[in-house]
Each structure stands twice: as C-alpha cells, then as structure tokens.
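Please look through the sequence and the model shown here, and then read the short report that follows.

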Amino acid sequence: MRTTTDPDHTILLNESISSYEICSNDFAYNLICVAQKKHLSLILISLPEESGEFMWNHVQDLEIAEKDARCHAIAFSPDTSLNCTPNKVTICAAIGLRDIKLFHTDLNQYSGVQSLQGHSDYVNDIAWVCEGELLASVSDDFTCKFWNISTDLQNVITFCLSSAGMSVKCHPEDTNKVLVAEKRGIVHLYNVRSKQTVVSVESPKFPLMSADWAHSNRLFVTALAGGDIVTWDLSRPLTPVDVKQVHEDGGRTVRLSPGSSEIAMASIGRPDLTLKVFVAKSTVPLVESPLKTYGGLAWHHRLPYISAASDRKLYFWKVQIK
C-alpha cells in the first residue's frame, strides 16, 4: 500500500491555479506569484521557522487582459525587492499560445505591462539570465530566444533546436550560461556571450518534459524523461551518473532543492499525478502525495519546503534533508 505524506501547510484560493512561482531573491524570498484565470495574484507567506506559525496574505492582483489566456510559466526578475522604497517587483509570464508579458508593480499604486513577441508557437519555459540583462524563453517552435530587457525588449539571440524547447534555467554562480533542454532528450549548456554550445548531454529516454540545474553544484544537471529522473555530472558528460525510475506513466516536471548540501529532487508525474521527493542517491521517497490537478512545483529558497499547486490549493511539505 502506497504511503501518502500529508502537507504541513495549505493556502486555499478562490480559483484554480494554472501556474505559480516562489521568488528566489534575498529581499523577496517569501513572495509568491500565482496565476489564475484572469489575473496574477501576489501573495506573501511566513513560515513557522520565521514567525512561529504559518501565515499568508494576499497583496495584489495583476490583471491578465487577454481573453481565455492561460498563464503557464512565471519568473521573477533578479532585481525584485521588498527592501526598497518603493517596492520593486518585476514578473515575466508566458501567457496563451505564444505571448510573453512583463508585469511591473510597486505593490501599491503603480503597475504596468509590456509585451515580447517573436515566438511562433507555445512558450514552455522562461528564465532571467546575465543578471537580469536578458530574458530567455523556449518554445514548441524549436527555438530558445534571448530578449534584451534592459533596453528595447527586442529578440537579440536565437538558438535553434532540433525539437521543442521544454526548459531553460540559469545559475547564480555562472550568469552567462544557460541550460536548455529539448523534448527529444538533449540538454545543452549554452554560453550566451559567445553564442556557443559548451556541452550537450542526451537522455536514454524521451520525451524529456523538464530539466533543472543544481544551485549547490553547477556541474549537477537533472532531467525528467520518459518517467525517469536522469542525472549528469557535466565534468563527465558522456553517460548519466544516475537514472532513477520514478513515474511509470511519464513525468511532468522536476525541481532540485536550492540550498542544502544534500541535493534533493522533487517531481510530479503519473500514475495518479503524484508528487515524489527523493535525495539524490536514494530510491525511497521522503515525500509522496497524490494531487488532484497540476499547477506547478517549486522549492522555497531559504527553508526546506517543497510546494505544489493542485486545483485551488497551494500545498507546502517540510522535507527532512541535511
């Protein structure tokens, strides 16, 4: 009989969640952006380790003007801060078929929206790179595009892929490089400044649905492909260092824990749309929980909590990692 891990904390909202993200910046690490039907909701949380109890409050809604436009990827700008006057919050969101929107707000009276247009198909993932100077996006149109956010919002670099781009990730210690993952199972490390591929690795299975880059070790890369979590050491890229069979009927997303010395990986997949959390060298899950629907997966960047969105609820599990 499968063991189910109950969440430690839950946020219940009025509408279903299509996607969300927790800010990773030092001065806004408890800020969450949640995408619902017609708006992005900004929420602040406080965890028991900080305040003695779990608390949350709704801060602001940012309207999504497009009709029937579902938001499916969110990324906070590196300069987002709640430690300045006025507050500065910049969010990038992939909305609808191929739109990318930049939302700016001070969480009070000011808010504005800008658009980036250039993809010809569904945008699967977005990430800020080069310390926020550029935004990267990957799409079903077989490209990874880089946008100049600091000046004119133009597409300045296009990296052509051999299949749909599924994930794009940056690294805080190597800001000029990005990780780009393709659906056919290829993961590239790409140097934005030289416009060259540094190294590429290939998964033994496909389709690849998600990939991530460990903040605690920039040589450590993982992908969810064909239901397996595949891990590489980029100093020895020819073969994976670990292949973990996790989701029998295919995976949806994988995320690596950001801060601990012991790397943990969280993933969501089928059967039964299940969240699982493992430490890197173990096959026994630390957390295992079925979800009603999929609305995203994210780690808190200071405390050992994994979160997942399901229907109208945002769940938090405390993970016992070193």
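Leaving aside its neighbours within four places in sequence, which residues is T90 in contact with? They are A75, F76, S77, D79, T80, F103, H104 and W128, where contact means heavy atoms within 4.5 Å. T90 itself is found in strand β7, which covers residues 89-95; helices (H or I, at least four residues) and strands (E, at least two) are DSSP runs, numbered from the N terminus.

This is a predicted model, in which local features need pLDDT of at least 70 and side-chain atom pairs count only at pLDDT 80 or more, while totals for chains, interfaces and linings use all residues. Residues are numbered from 1 along each chain as its sequence is written, and side-chain values use heavy atoms, with hydrogens and water left out.

The protein has one helix and 28 strands. With 322 residues, a compact globule would have a radius of gyration near 20 Å, and the 18 Å of the protein agrees with this; the radius is taken over C-alpha atoms, and the globule rule is 2.2 Å times the number of residues to the power 0.38. The C-alpha trace spans about 50 × 45 × 35 Å along its principal axes. Buried residues make up 56% of the 322 residues, where buried means under 20% relative accessible area, exposed over 50%, and partly exposed in between (1.4 Å probe, protein chains only).

T90 counts as buried because its relative accessibility is 6%, and H119 counts as buried because its value is 5%. H119 lies in the loop between β9 (111-116) and β10 (123-129). Polar contacts of these two side chains are set out below; a polar contact is a pair of N or O atoms within 3.5 Å, and within protein one must be able to donate a hydrogen and the other to accept it, while residues adjacent in sequence count only if both atoms are side-chain atoms.

| Side chain | Partner side chain | Distance |
|---|---|---|
| T90 | H104 | 3.4 Å |
| H119 | D141 | 2.9 Å |
| H119 | T143 | 3.4 Å |

P237 is placed in the loop between β20 (228-233) and β21 (242-245), and at 21% relative accessibility P237 counts as partly exposed. Leaving out residues up to four places away in sequence, P237 touches V199, V201 and W232. P237 and E173 are 64 residues apart in sequence, and their C-alpha atoms are 20 Å apart in space.
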